[in-house]
Amino acid sequence: MHVYGLWEENGAPHRTVRFLLSRLVRSSTSTLGHRRRRYVVLEFNSSRLEVKPFSKSCVQSTHHEGDSDDNDSSITSLLNTKPTARQSLLSRRRSLSPLERISSLLPQDALSLEVTQLREQDQPHEEDTWMQEELSYSDPLAILSKEQHSTGFDANNAAKYNSDTTNDVATQFYRATSQFNGTQWMSSTHLRKTTLAYGELLVAEYHRKGHVEFRKMFQLKIGTRLQSSWGIILHDDVAGQPASYFQKTSRGVPIFIRRASLDDYVLYMKRGPAISYPKDASIMLMMMNVTEGDYVLESGSGSGGMSLFLSRAVGSSGSVLSVDVREDHLRRAILNYQRWRASWKACQGEEWPDNVEFHNADLCTASSLLACRAFTAVALDLINPHLVLPTVIPHLYPGAVCAVYLANITQVIDLLEGLRCSALPLLCERIFEVPTRDWLVGPALRKDGGYCSKKPLNLNEVQREETTSDDSEQEHPSFGSVPYIARPHPEQFSHTAFLVKLRKFVR
């Protein structure tokens, strides 16, 4: 904080300067005021403008030439201050109550009486507040930005300060600013594109009363339009828009447009056989512990859903060998894989790793295809997987996992019986399915469409009546005053598949 002096003609300080100096001395001599960072006051001399820090002792009216070095060292040590372990713990401390965390982000007048009382019961101590402010001052960039905001200090004003202390502050300001801009530039290169481009795969949704009544995946093309029962949307109007926004149709209905994720693509892409659902595919990836650089064998390409998940998991340094006995299924899997790669390139501006090798073969008789190959994991989606295990297991690393995707429990029984008869070095660790349940959570509404209100607790009748009347009149009730209703969604996923985890061991 800097004070610019006003001087009278005879050289005596102005009354305003004396008042401000007295206020600064009073704040610096207090306990908490001295614990905070030292404020800098500009002392005007006849020769030049110099910077002088306050200390806990009384202010010296005289000035010596050797004081400038002490001032430089004090400010430099202040900028280089590092938080202690206790300060770091206090800065990371936060309340464990979700209600208190959310209410702290809302204005005071928007909170109900119960929430206000809860906030007053657990106010932060003065010492903790001071400690958090000290942590913010320990960052040189935060100090300099705070100084710039309060005093107008910038690069142009640096030439007006002739003292060595001011030059050191300006130098550290430039260094911190350049370092921050470099970090920001490096991180921005890894950010996703924020606008929609032609060739991307998008999802259009119509939400009504908390339900999705319309959902469709489409590819953004020039001169094309999206048709629905709620109107028409031109693709040219969507191009260049943000990645997630509402677009009104020709009938004025808002449709939510967003970029399709890999989960969306697997669910809504064109299919030949049944797909491996994302909920099952993600569990299979964790079962097999697939990481970047792995070499995975997939038997049963299907529509290409599992191939895409494996391709993303192994990365550019890994590879996937996908085999299917039916040529039409393999053709559909290749088309879906290439379509997703084209959409990814239009969205990200870079190629999706071309790390999947598709083959039309039967693993029961394809020993030549697997020759000189070793795999870190195997994913099987076959009707009779126990028939291909004798051919696959010799090419699997010891300790690696073979994940089997089976639709019926009778197939699981046949698999276990095949393992018993063949005496393969495989240990069946788990047999399970992955159920999911969607929920509907929303505020309780009255028949007239208004919000229901909670009855306050531990309040007198007068306050209860006032709060009830206020909530009924408000269009947007205060935070924490509306009850919510939660129940399972009436439409749920049915059974998809059983997952079997087999691990190879050494006898």
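In which strand is R259 found?

Modeller: R259 is found in strand β8, residues 254–259. Strands here are DSSP runs of E with at least two residues, helices are runs of H or I with at least four, and both are numbered from the N terminus. Before going on, keep in mind that this is a predicted model, so local features need pLDDT of at least 70 and side-chain atom pairs count only at pLDDT 80 or more, while totals for chains, interfaces and linings use all residues. Residues are numbered from 1 along each chain as its sequence is written, and side-chain values use heavy atoms, with hydrogens and water left out.

Back to R259. This arginine is buried, with a relative accessible area of 12%; buried means under 20%, exposed means over 50%, and partly exposed is in between, using a 1.4 Å probe and protein chains only. The R259 side chain makes a polar contact with the side chain of E200, at 2.5 Å. For a polar contact, two N or O atoms must be within 3.5 Å; within protein, one has to be able to donate a hydrogen and the other to accept it, and residues adjacent in sequence count only if both atoms are side-chain atoms.

Now for the salt bridges. The rule asks for a side-chain nitrogen of Lys or Arg within 4 Å of a carboxyl oxygen of Asp or Glu, and by that rule the count comes to 14. Among them is the pair R258 and D264, whose side chains meet at 2.6 Å, N to O. Both ends are buried: D264 has a relative accessible area of 11%, and R258 has 17%. Another pair is R215 and E205, with their closest N and O atoms 2.8 Å apart. That one links distant parts of the chain, with R215 in strand β4 (residues 211–219) and E205 in strand β3 (residues 201–208), 10 residues apart. E205 is buried at 5%, whereas R215 is partly exposed at 36%.

R341 sits in helix α14 (residues 327–348) and E351 in the loop between α14 and β11, so the bridge ties together parts that are 10 residues apart in sequence. R341 counts as buried at 13%, while E351 is partly exposed at 45%.

That brings us to β11 and its sheet. Seven strands form an open sheet in the order β11-β10-β9-β12-β13-β17-β14, with mixed pairing; two strands pair if DSSP finds at least two bridges between them. At the edges stand β11 (356–360) and β14 (426–432), each with a single partner strand, so one side of each has no neighbour in the sheet. From one strand to the next, the twist averages 15 degrees. Strands β12 (residues 375–380) and β13 (residues 396–406) run parallel and are joined by five bridges, and A377 has V401 as its bridge partner in β13. Helix α12 (residues 278–288) lies across β12, β13, β14 and β17 (498–504), running at about 165 degrees to β13. Such angles run from 0 to 180 degrees between N-to-C directions, with axes fitted to C-alpha atoms, for helices over the stretch in contact.

The loop between β11 and β12 includes A374, which is partly exposed at 28%. Leaving out residues up to four places away in sequence, A374 touches Y295, H395 and Y397, where contact means heavy atoms within 4.5 Å. C372 lies in that loop too and is exposed, at 88%. Although not a glycine, C372 has a positive phi of about 60 degrees. Most residues other than glycine have a negative phi. A423, in the loop between α16 (409–422) and β14, also has a positive phi, of about 55 degrees.

Finally, confidence. pLDDT is the predictor's confidence in each residue, from 0 to 100; the chain's mean is 74, and 59% of its residues reach 70 or more. Over residues 28–68, pLDDT stays under 50, and it stays under 50 over residues 74–82 as well.
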